[in-house]
Amino acid sequence: MRAWGKAWMGLFLLSVGASALAFFMLMGDVRQEDTLSWKTPKTASISPVAVIEEGLAPDLKKRELIPDFVAEAEIVSADTTQTSADLIWQEFLTQVDTVVHQKGSRAFHPRASGNVISVMESFRHSSEMPSCLPDPRGAVLVATGWSLSTLVTLTGWEGFPGWRSWVDELLLQSKEKTWIQIGALRACLGEVGEVDLDELYRFPVRYQFLGGGARACSAEVDLELASRILSSLSLETEEDWTLRSLAALCLSGSYEEQEFVRQALKAPLFQVTPWDLCAHAGALLGMGIFGGELAAESVKKLLQKEDYFGQAMLTAWCGSLLKKDQAPSLAYQIARGWSRKARAQSTQNTLEALRAFDEEGRQDFELLDLLLERALDPEDQAVRRPILIHKLLMEGLDGTTGVFLAEELAFQDPEHTAFLFMAAHNLRQRDAFQEKALFLESLNQLEQLYAEVPFALRDIRSAQAYLARVAPPEP
Amino acid sequence: MKYVALIFFFLAPSFSVGANSFGVPGRAGQAECDTQLARCLQSAFEQALSNDQACIKTWCDKVFFLTFCDEEGLSRCIQKADAVYGAALRACQTDFSACSGMERRNS
């Protein structure tokens, strides 16, 4: 009995000792943390570099253990313990949202001041640029639409390690998959390359995402993603159009080498009803730069089509494929040599160039493209804009180019909104349904832009009313 | 001579802008209004061309194959010509609206 009593006493003393030891160890930890917090702020205790090298932030590892059914509640509480990097990313997303809200689709236009590209640039070059990716679950809670897409592109361009798996995680977490895919494709195309994406704004397409340079997609995973996007039929929303344009551009770099790429681009290139404007433009832009013999054959087939809408863009972008050995026309060479200050000769020069274009069967799109380019440059006085617009629209030299020029000039200067009515008249004459939809969209944007300019507003509304009143019924 | 041409230039646009090629205002056939609109725009364009020529005659001198211009004067004149052309286009819009009985949307 006494032996049992001794044993119990021994056990009791042992447990008291262990408790005391645990108590002192705990106190020691607390004191050490107190000391650290005096030395450095808490946010600095996690090194971003260490986070990148480790692949996942420590708090992310903890969060992965949370069961799905409580994930949402935990994410809300996690917001209160965000890192300073997450807060800076949120600030960036807010900036993008603000620009998109204020400018609409114009927020991506290369000639619009304070566009998304300039927001990205100033953020990237600021000292605040975080050095780690944002928490994917936090990002999908805050970011939507274009801001989510822009975040994906920006982080891709910055080359964060683990970016692809981060994008996959975003795709799993978010319902806005199209926006994430747009961002991912734009990131894969790179920010510098042979393709000038601003070119896409020069023709009536619904491309809306960031200009700058791009290169061919090379990774198998990107080509497969682009091919999947093109095979889906969705063309319902603005973002669908943009995504298809990027996907076609991405694929076009491998047009010569890959049979599955040629198959994927067959419908966007040749299917007529309705024309897939965005994918078509994206494919042509890429084929003109990266294409070879097979691309040249396809381009020639397109030119044989009746009432082909894209002759101007095809000649502008794929001219090198069509006539490798031919020199540009004499009219083109002369127009190229005009001085930018040739104001006194501008009337005569423009008339002569357009006469040459007309006499050559209205096929010298290289010349037309040059005239368009010079007319859109506000510093270039060599082309007389009113003459160019009138001849294109009223004399039917090239209605598509004329409508586009009228829109662009109106965006540049409210004084030019007077041309919009002429463009509406041309669209009415041609029954161009797709172009009409795009034109009406531009009118809506112009209406917002010039809300405080009464005479411009009158012009815009006259054009809207004209199309609404006399436009033929939609098919 | 330059000043005479300049005075002519500033007077000429007022004739073109004021001219109404649509005849009696009111509702007419849509096709007829379209035709008249095209005619009005063509007339405005021809006037714009002659205004351009007037500017060049006023502010530039041609010596053999070379043209010397007062760039500042020419620039102002061309700007004015553009404004006149814009006004002419707007007059065509107004006349077309009257012709077809098209109502403008209120702001």
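**Ground rules**

I number residues from 1 along each chain as its sequence is written, and chains are lettered from A in the order in which they are written. Because the model is predicted, local features need pLDDT of at least 70 and side-chain atom pairs count only at pLDDT 80 or more, while totals for chains, interfaces and linings use all residues.

**Entry 1: chain contents**

I looked up the elements of chain A and found 24 helices and two strands. Helices (H or I, at least four residues) and strands (E, at least two) are DSSP runs, numbered from the N terminus. Of the 475 residues in chain A, 41% are buried. I call a residue buried if 20 or more other C-beta atoms lie within 10 Å of its own, exposed if 12 or fewer, and partly exposed in between, with C-beta atoms placed from the backbone. I then took the contacts in chain A with a separation of 6 or more; residues 24 or more positions apart account for 70% of them. A contact here means two C-beta atoms, placed from the backbone, within 7 Å.

Chain B has three helices and two strands. Their order from the N terminus is α-α-β-β-α. Buried residues make up 32% of the 107 residues in chain B. For contacts with a separation of 6 or more in chain B, the share from residues 24 or more positions apart is 72%.

**Entry 2: where A meets B**

I counted 19 residues of chain A in contact with 27 residues of chain B. On the chain A side, the elements giving two or more residues are α18 (343-359), α20 (385-394), α22 (419-430) and α24 (454-470). The largest share, eight residues, comes from α24(A). By type, that side of chain A has ten nonpolar, four polar and five charged residues.

**Entry 3: the core**

I looked up the largest nonpolar core and found 144 residues in it. Such a core is a set of buried Ala, Val, Leu, Ile, Met, Phe, Trp, Tyr and Cys residues joined through C-beta atoms within 7 Å. Those with the most contacts inside this core include V116(A), A247(A), L371(A) and A406(A). Domain 1 (81-305) and domain 2 (330-470) of chain A both give residues to the core, so it lies between them. The domain bounds come from an automatic or database domain assignment.

**Entry 4: helix α15(A)**

Which residues of α15 (residues 293-303) of chain A are buried? They are A295(A), S298(A) and V299(A). Seen down the axis of α15(A), they fall within an arc of 100°, so they line one face of the helix. That arc is taken over the directions from the helix axis to the C-beta atoms. An α-helix has 3.6 residues a turn, so residues three or four places apart point the same way. E293(A), E297(A), K300(A) and K301(A) are exposed on the other side of α15(A). The buried residues of α15(A) pack against α13 (259-270), α14 (277-290) and α16 (311-322) of chain A.

D369(A) is in helix α19 (residues 365-376) of chain A. D369(A) is buried because 21 other C-beta atoms lie within 10 Å. Not counting residues up to four places away in sequence, D369(A) touches A312(A), T315(A) and A316(A).

P134(A) is in the loop between α6 (116-124) and α7 (136-142) of chain A. P134(A) is buried, with 27 other C-beta atoms within 10 Å. The C-alpha atoms of P134(A) and D86(A) are separated by 5.4 Å, and the two residues are 48 apart along the chain.

**Entry 5: the chain B hairpin**

β1 (residues 60-63) and β2 (residues 66-69) of chain B pair in the antiparallel sense over four bridges. Pairing needs at least two bridges found by DSSP. The two strands form a hairpin with two residues between them. F64(B), in the turn, has a positive phi of about 55°. V63(B) stands opposite L66(B) in β2(B).

Note on methods
Ala, Val, Leu, Ile, Met, Phe, Trp, Tyr, Cys and Pro count as nonpolar, Asp, Glu, Lys and Arg as charged, and the others, Gly among them, as polar.
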